[in-house]
Structure formats: C-alpha cells, structure tokens
Amino acid sequence: MRLKRKLFQSLLLLSSLVLSVSALAKSSLNMPVGVTPMSHDIYDLHMTILWICVVIGVIVFGVMGYSLVMHRKSRGHQAAQFHENTWVEIIWAVVPFLILVVMAVPATTVLYRMYDDSNPAMTIKITGYQWKWEYQYLNEGISFFSNLSTPYSEINNKQKKNKWYLLEVDHPLVVPIHKKIRFLITSNDVIHSWWVPAFGVKKDALPGFINEAWARINKPGIYRGQCAELCGIHHGFMPIVVIAKTEKDYQAWLKKQKSEHKTATTTDVEKKWTSEELMKLGKQRYDTYCAVCHKVDGSGMPPTFPALAGSSVATGKPISRHIDIILDGIPGTAMQAFGKQLNDVDIAAITTYERNAWSNNTGDVVEPSDVAKRRAVQRHMYTSEELKKLHNAKITKPNTTTKKNSSSQGEK
Ligand code: HEC
Ligand SMILES: [Cu+2]
C-alpha cells in the first residue's frame, strides 16, 4: 500500500514537472519567439520536437520505472532469460525510424522556407570586421560601419555598467517592417557570425564567401544580437543592433542618411578646423575606432598591438606616413585600412589627436584637406597642375606596399 502511494506521489511530481515545462515555454529559459514569420516557424518546430521528446521520455522512463519497482527481486520476481528475440529487435529499430521520419517532415519544411530568399524587396550586404560590422544598402547606395558604443569607462569598471552594456552601437542597422529583406553576409578578415535571435537569423560570415539569409519583420522595435563566432579578443565587442521602423519612418531615415552623407564630404573638408575642434572629435573617434587595439591611453598591447604613445609614426615625420597608415592599414596585420570607414574630417581629427594626446606633444595639426590630398596622391586622381602644387607641398609619393593594399581593399 505504501508503495502505491509513493508511486502515485512520484507520478504527481512528474506531471507537475511537465506542467512547469509548458509554463517555461514562454519564459526566458526557452527560445525567444521572435518577430519574423521565420522565427515563429523555428519556434513552433522546436516546440513540436520538444513535445515529441517529452512523450518518448515519459513512456520510456515510465515503463522502466514501473518495471524496476513492480518486478523487483524482493517481490519474488525472477529475471527473464532470453536472447535474440527477432520481434523485439524489429520493433526497436522500426519505431525510432518511424519517429525520425515523422520529425523530418516539419523540419525539412521549415529549412526549405528558411533558405528561400527569392524575390526580396531589398538587399543589405553585411560584412564582419575585427571587431565591427559594415552594412551596405545595395539598392540605396548607402553604407556605414556599426561600432560598439559602450564607453571604455564602463568596460574598465570605472563607471556603473548601463542596461545595454556591450549590446549598443553607434550606427544601428535600420530597416522597414513588413518587407522581405535579404542579407548577404561575408567577412573581411576572420570568421564571424551575424546573429539576431528575434529574427531567427544566425549565419556565418566567411571571408571570400557570401552567405544568404532573410527576414520579414512584423513589429517595429529595437532588436539586438551579437557576433556568434569566436573571432579574436574583442569577439564580445561587436554587437548588432537593428531598428525596425514603419515604411514611412524608414523612408524619412533614408532621406536623412543620403543628405548627411553629402554634407560630410564637401564643406567640412574645405573648412579650416581649429586644433581644439580636431582634438575633441579626435578623442571621440579614436575611442570608438582605435582604442580596442591601441587602448584609450595609447599604450596598446605590445608586442601585437603597438603603443601609439611615443610611437615613431605618431610623433615622427613625415606626417604623411602617419596618415597613410590610417588610410591604408598595414597589410598582413590587424591594422585595417580605415580609408573607406572614416571620412577626411574623422581621419584628420584622429591623426591630430594621436600626435598630441598622452605624451605625444608634437603640436602638429592635421587638417581634413591634408587627408584629402593624401587620398588624391594615392589614387593618382590629380592633374598635372595639382601635381605641381602637391610637389611644392612636399608630399612624398606613396610606397608600393600601401598602394597595393588600398586597391585590394576595393576603395570606393
Ligand atoms: C584591430 C586592431 C587595430 C585597430 C582597431 C587599430 N589598429 Fe592601428 N595597429 C594595429 C596593429 C596590429 C599595428 C601594428 C602593425 C605592424 O605589425 O606593423 C598597428 C599600427 C598602427 C600604427 C603604426 C604605429 C607604429 O608605431 O608603428 C598607427 C599610427 C596606427 N596603428 C593607428 C591606428 C588608428 C588611428 C586606428 C583607428 C582609426 C587604429 N590604428 C586602429 C592594430 C589596430
Ligand atoms: Cu566576430
């Protein structure tokens, strides 16, 4: 009698467990349901398979538990002695096979839909870099880089960490809702992975390959993700933020992007900036783009990431060498070409900052027009008249290695 009650109690426990599992389905312990039809399909598939597994588990362990308890030796049961029962063997091969076939049908249907990125309304090319993302709107001709915006004071525990610590960026990806968006995903250096759980999208970004994914977002909102492939020491510092807007808001954003893009390239470059303006902007840009490797205080992480405080490049002459390294990077090292990521104003500000911050008190001021000149020299975009002027300005010809690099980076 006592045993029966115990059995009853354990069954009760089991059923309450099953109930709490279904309560967990909507909690943070389960997969997110997401905001795209694809993510809903994935979620439903996951739940279907989970319940099949739960039923199998309950049956198998139920029979096992029952047999162990009811047919135990102390009750006087004798173990059956048999070998090679053909029917038993057929049953335990065929039943799991049938279960697998049943599960393969919904799984294949979902996978098929996941891979069907035909007829998109728009296409965005996503490129992974150590450690940031680049978004190019192929139909609109706009592109930008998306960098971590968490301040270093939080990373270094000098300030309380905010709610979106390491999940915030300076330029989020902005997309419209209710449109089929195709993502073409690739990498500029090592393997990254673009992962936004709410979209049900997680795709490796492979150098030299283009992977495809797509999303149609149902709800306006801010969705966050991360790089999901271990890609170096700052793997955790390249989050993804996507803002989904209504078509009207998206069009307004697009218009603003296009007009802002124009102004940054013309008037600001011709203007003469003061050293205070350049230093202020330079610190901001340096912390965003360069400090991951060279550190906020310019001390770097030698021997791989050199210190810029006291560096012969950042304090020595010619200044053009310093500008060229920032424009073209150093081939074969983690020092990327920033020429297409940053405009002339940003590069001038960073160069000025590096030449005067920390202990580098060179007093040099690099103007945006100086950077524009370096670009012109490198691309051979000058006329003979300009060449003469540039020659008078004593600008050295670029060396061949940096030139090769800039062309292989596919400058715009
Ligand atoms: C992903 C890491 C990384 C980032 C980000 C980075 N650098 Fe570098 N940088 C390097 C590495 C590595 C070297 C050394 C390459 C070599 O071996 O010569 C280097 C070298 C340099 C040098 C030459 C220093 C010397 O004394 O030889 C300068 C100048 C420089 N970087 C400026 C910048 C600026 C400006 C930025 C931001 C716009 C930046 N770097 C961002 C990794 C990085
Ligand atoms: Cu990565």
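**Exercise 1. Find the residues around ligand 1, then say which helices they come from and what classes they belong to.**

Solution. Keep in mind that you're looking at a predicted model. Start with the count: ligand 1 is surrounded by 24 residues. Now pick out the closest ones, which are Cys290, Cys293, Ser311, Thr333 and Met335. Next, look at the helices. At least two residues of the shell come from each of helix 8 (291–294), helix 9 (312–315), helix 10 (319–328) and helix 11. Finally, sort the shell by class: 16 residues are nonpolar, seven are polar and one is charged.

**Exercise 2. Check whether the length of helix 11 fits its residue count, and work out how enclosed helix 11 is.**

Solution. Now for burial: 13 of the 13 residues are buried, so helix 11 is largely enclosed by the rest of the structure. Then step just past the end of the helix, where Trp358 has a positive phi of about 50°.

**Exercise 3. Decide whether Glu354 is buried or exposed, and list what Glu354 touches.**

Solution. First locate Glu354: it sits in helix 11, which runs over residues 344–356. A residue counts as buried with 20 or more other C-beta atoms within 10 Å. Glu354 has 26 of them within 10 Å, so Glu354 is buried. Now look beyond residues up to four places away in sequence: Glu354 touches Tyr286, Leu308, Ala314 and Asn360.

**Exercise 4. Track down the largest nonpolar core and say where it lies.**

Solution. The largest nonpolar core holds 35 residues, and Ile126, Phe183 and Val242 have the most contacts inside it. Strand 10 (residues 240–245) gives the most to this core, with four residues. Domain 1 (33–62 + 87–116) and domain 2 (122–261) both contribute residues, so the core lies between them. Zoom in on Ile126: leaving aside neighbours within four places in sequence, its contacts are Trp133, Tyr135, Phe183, Leu184, Ile185, Trp194 and Ala205. Apart from this core there's another one, of 19 residues, including Leu278, Ile326, Ile350 and Val371.

**Exercise 5. Sum up the protein as a whole.**

Solution. Count the elements: there are 14 helices and ten strands. Then check burial: of the 412 residues, 24% count as buried.

Notes: Residues are numbered from 1 along each chain as its sequence is written. Chains are lettered from A and ligands numbered from 1 in the order in which they are written. This is a predicted model: local features need pLDDT of at least 70, side-chain atom pairs count only at pLDDT 80 or more; totals for chains, interfaces and linings use all residues. A residue is buried if 20 or more other C-beta atoms lie within 10 Å of its own, exposed if 12 or fewer, and partly exposed in between; C-beta atoms are placed from the backbone. Two residues are in contact if their C-beta atoms, placed from the backbone, lie within 7 Å. A residue is near a molecule or strand if its C-beta atom, placed from the backbone, lies within 6 Å of it. Ala, Val, Leu, Ile, Met, Phe, Trp, Tyr, Cys and Pro count as nonpolar, Asp, Glu, Lys and Arg as charged, and the others, Gly among them, as polar. A nonpolar core is a set of buried Ala, Val, Leu, Ile, Met, Phe, Trp, Tyr and Cys residues joined through C-beta atoms within 7 Å. Domain bounds come from an automatic or database domain assignment. The expected span of a helix is 1.5 Å times one less than its number of residues.
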